[in-house]
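Dear colleague,

After it come my notes on what was found.

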Amino acid sequence: MARLTVTSFVTMDGVMQAPGAPEEDASGGFSHGGWVHPYADEKFGAFIVEVFGRAGAFLLGRGTWQIFASHWPRVTDPNDPVAAALNRLPKYVASRTLDRADWKPTTIVRDVPAEVARLKRTLAGELQVHGSPGLIQTLLTHELVDELNLLTFPIVLGSGKRLFGAGAVPSRFELARTQVTDMGAVINVFRRAGRPGYGSFALPEEAA
């Protein structure tokens, strides 16, 4: 059975749009693309290499899949750990409109909740999600995410696609690991731990 993991780069105000380059995703008039680049230090790079080294397969939203498909097949260095994993391993792209997927091996996923649940039952290792904000929100809504690698960068952008949407299901996560890079990014690994707990700080007589 596969563990579904999400790796997401977010700003302090939760924006995850176009972290890698200005032209990556300008939808909605977003003009801050490439905001992660100034923070890409050695510890950041080492963590990303570690994550891709655990991958068994990838699950991507259509937009992220198309961005990746336009770049990574052109990186042919067998020693590049990210390119080697992305080009070799099975990829699943969630899309209702895509009619062909030339970046092999890719399978188009139409019914995300049902098909992803099946993939988790039948695959082994990690089924990894990168980018893909809309897909992540769907996976969170259907409680399909097992682990969240959340890299928070010391920057506020004020606009853009966000990791958590208004329809997010109340959930509790346990902190499994934390690390701070030299450039100030905070890397937290959270594992799903069920529903939130609730209580009150009111004194007994106040609660009565």
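The protein exposes about 10900 Å², and carbon and sulfur atoms supply 56% of it, with accessible areas taken from the Shrake-Rupley method with a 1.4 Å probe, where for residues only the protein chains shown count as cover. Please keep in mind that this is a predicted model, in which local features need pLDDT of at least 70 and side-chain atom pairs count only at pLDDT 80 or more, while totals for chains, interfaces and linings use all residues. Residues are numbered from 1 along each chain as its sequence is written, and side-chain values use heavy atoms, with hydrogens and water left out.

The protein has 6 helices and 8 strands, which are DSSP runs numbered from the N terminus (helices H or I, at least four residues; strands E, at least two). From the N terminus on, these elements run β-α-β-α-α-β-β-α-β-α-β-β-β-α.

Buried residues make up 41% of the 208 residues, where buried means under 20% relative accessible area with a 1.4 Å probe, protein chains only. Contact means heavy atoms within 4.5 Å, and, leaving aside neighbours within four places in sequence, Phe153 is in contact with residues including Phe9, Trp35 and Ala185.

Notes:
Buried < 20%, exposed > 50% of the residue type's maximum accessible area, 1.4 Å probe, protein only.
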